[in-house]
Amino acid sequence: MTAAKTKRRTPDGTAGRRPRKRARDLPSPSHGDLISDLPDAILGSIISLLPTKDGARTQAISRRWCPLWRSAPLNLDAHDICLNKFKLSSIVSSILRDHPGPARRFSFNHIRLHKPKKKLAEDAAQIESWFFSSCLRNLQELDISFEFWGGLHASVDHYQLPLPSMIRLAPTLLVARIGMCKLPSDIAAPSLNFPLLRKLTLWLVSISEEAMDVLLSACHVLEALFLQDIHDVGCLHISSPTLRIISFSATLLGREELVVDDVPRLERLLCQGVDGETIQVNKAPKLKVLGPLSPHVSKIKIANLVFQGRIRPSLGHSICTMNILALKFSGPDLNAVLGVLNCFPCLEKLYVIWDKYLKAKMKNLYQYDPLNPVKCLESHLKVLVLKNYTGGEEEVGFAKFFVLNARVVKEINFAVCDTIAIDKNWMTDQLRLLQVEARASPDARLKFRSGYSRWQTNYVNSSDLSIADPFS
């Protein structure tokens, strides 16, 4: 009698099986996670992109992470650290003292200052110590502004930014945003040099005409200049061989004049919220994007073309380089728009913004003549955008003109006001009134988008240089 073979059993009583092979080719993380096995340089780059508080907290993850925050480039945003403005300055001083650097970014807006001279001197000394700390030796991005305790700022209260600080930070800066201060009158120091600065923003800044000229002369690769609420200057003259974008916003105190003397590479001139200022462009042969123009602008002169406040533009002159134009009116004014379009025969994209709070209207002398059509409507205009559209009788008449006369248009976009409920019946009625079936361009497509806030005042995205169309 042959004895039956007995199967080997495991301690839990189940029949034995050949054990599975372990995946020996998979590396076991030495620190409990795969991220910690990355090289220090990569982890440092990750930490430098985190908000300041989160970057500092990575020291508590493990021993592996503990030294990384101090060795990573510092991204210091004061308002990521603490909401208590009374403690912020001391915390910033502590971080700059403890971190060996280098710093990639230093952002501290509305730095609190005391008005009494003794306390103000102490504040100034503390700020000076920040700029001269070893941590900020190779700073790339600077974003600072100041305010005095005890009420609203005024031009007489502007804190004067120390010139030695500017000279110290200048060699490595790529981006600078400076606000609510006064730039020194002795800025003409020969040692001031911004060899890498590409983007400069000045807002609520007091600066003289001479200081602005010296400052721009010290920026050798500057591509974008943003000016907002500039004080204590009557006329700003801009000359630069490298500038591609100039954004000029309304001032709070007075009526200033912006003169673009010689900017051969200028492509965009953005004049948002301008009220009563004069803008003159003498030499900008590559200008492609302009606006928003409105009757509130006292005067705009581009080469020989003059837009004089509420009067239609001068006849007999045109600008063939312009591709994108934004116009802002209180309501539909077809003759005023056509009068402007006559000056831009190669225009490809037109924005018309209706702002009912804009009280000024054009004094119109232009009358459309079908025997003398607008050139850009015949061969160039591809996109029309109507913002704050409600579908009223005047707006329908305005849009219908382009439906019936724009021969190569591809898109007519209606940014519909958020007070209008778009439903099937409303859409059907709009398409009937606009006479879509009789459109001049067979490729034209009408698109309606709801939710456009009637309270919106910011029509320009001027901060992102990668965006081809700042009005979209």
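Predicted model: local features only at pLDDT ≥ 70, side-chain atom pairs only at ≥ 80, totals over all residues.
## Helix 11 and its ends

After helix 11 comes Gln435, which has a positive phi, near 55°.

## Nonpolar cores

The largest nonpolar core holds 121 residues, and the members that touch the most others are Phe106, Leu341, Phe344, Leu350 and Phe402. Helix 10 (residues 393–405) is the element that gives the most to this core, contributing six residues.

Once neighbours within four places in sequence are set aside, Phe402 is in contact with Leu334, Val337, Leu338, Leu341, Leu350, Leu377, Leu381, Leu384 and Ile412. Another core, of 12 residues, lies apart from the one described above, and Ala224, Ala326, Val383 and Val385 are among its members.

## Phe329 in strand 16

Strand 16 (residues 324–329) includes Phe329, a residue that is buried, with a relative accessible area of 5%. Although Phe329 and Pro295 are 34 residues apart in sequence, their C-alpha atoms are 7.2 Å apart in space.

## Cysteines

A search of the whole structure finds zero disulfides. For Cys320, the closest cysteine sulfur is that of Cys346, at 4.6 Å, which is too far for a bond, because a disulfide requires the two sulfur atoms to be within 2.5 Å. Cys320 is partly exposed, with a relative accessible area of 48%, whereas Cys417 is buried, with a relative accessible area of 4%.

Notes. Residues numbered from 1 in each chain as written. Heavy atoms only, no water. Buried < 20%, exposed > 50% of the residue type's maximum accessible area, 1.4 Å probe, protein only. Helix = DSSP H or I, 4+ residues; strand = E, 2+ residues; numbered from the N terminus. Core = buried A, V, L, I, M, F, W, Y, C linked by side-chain atoms within 4.5 Å. Contact = heavy atoms within 4.5 Å.
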